[in-house]
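My notes follow the model below.

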Amino acid sequence: DVTEIEEKEAQAKQEEQIMKEQELSNLLHEKRYLKALGLAISLDRPHTVLMVVKAILKETDGRKHLEENIVRLRKDQKEAVLMFLVTWNTNSRNCHEAQAVMETLLKHEAPDSLLQYSGIKSAVESLLPYT
């Protein structure tokens, strides 16, 4: 019978999730935005990533800090943020944050590099009507 083993695994995953949520909350409170972005992306939480971006933009020199943090993300993290911002851009409440992140990506990534991103074609097609 593997029921007990499966329950323990599910409980361990749930505890790990709670620990990550707490860590994310602590990172935001400590204004350690790069780690907060990385953790929110790894948890696949587009709304949380958006909240981190909004928190960064509220800071003094928010655009500059946003650029510094986005540039330091790994390629796979940037791809995830690109997919998230496609959704953010369709909502007028979040479009300014989406555009700020898109501006940073366009400014700091070479066109050839952007073309290597997975899903870039569909992302561009989705962004055009709202941009």
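Predicted model: local features only at pLDDT ≥ 70, side-chain atom pairs only at ≥ 80, totals over all residues.

H2 passes H3 in a left-handed crossing. I then looked up the residues on both sides. From H2 I listed Tyr33, Ala36, Leu37, Ala40 and Ile41. Their partners in H3 are Thr48, Val49, Val52, Val53, Ala55 and Ile56. I sorted this contact by class: ten residues are nonpolar, one is polar and none is charged.

Next I took the geometry of this pair. H2 covers residues 33-42 and H3 covers residues 46-58. The two pack at an angle of about 165°, with axes 9 Å apart.

**H3 by itself**

I checked the length of H3. The helix has 13 residues and reaches 18 Å from its first C-alpha to its last. That is close to the 18 Å expected at 1.5 Å a residue.

Which residues of H3 are buried? I noted Thr48, Val49, Leu50, Val52, Val53 and Ile56. I kept the general rule in mind: an α-helix has 3.6 residues a turn, so residues three or four places apart point the same way.

What covers the buried residues of H3? The cover includes H1 (3-29), H2, H4 (62-71), H5 (75-88) and H6 (95-108).

**H3 against H5**

The angle is about 85° and the axes are 10 Å apart. The range 65 to 115 degrees counts as roughly perpendicular, so H3 and H5 go down as roughly perpendicular to each other. H3 brings Pro46, Val49, Leu50 and Val53 to the contact. H5 brings Val81, Phe84 and Trp88. By class I got seven nonpolar residues, no polar and no charged ones.

Val49 and Val53 of H3 also meet H2. Both are on the buried list.

**H5 against H8**

I followed H5 on to H8, which covers residues 120-127. Their packing angle is about 25°, with the axes 9 Å apart. Angles under 35 degrees count as roughly parallel, so H5 and H8 are roughly parallel to each other. The crossing of this pair is left-handed.

Leu82, Met83, Leu85 and Val86 form the H5 side of the contact. Ile120, Ala123, Ser126 and Leu127 form the H8 side. The class tally here is seven nonpolar, one polar and no charged residues.

Note on methods. Residues numbered from 1 in each chain as written. Heavy atoms only, no water. Axes fitted to C-alpha atoms, helices over the stretch in contact; angles between N-to-C directions. Helix = DSSP H or I, 4+ residues; strand = E, 2+ residues; numbered from the N terminus. Left-handed = near helix turned anticlockwise from the far one by under 90°. Contact = heavy atoms within 4.5 Å. Nonpolar A, V, L, I, M, F, W, Y, C, P; charged D, E, K, R; others polar. Expected span 1.5 Å × (residues − 1). Buried < 20%, exposed > 50% of the residue type's maximum accessible area, 1.4 Å probe, protein only. Parallel < 35°, antiparallel > 145°, perpendicular 65-115°, else oblique.
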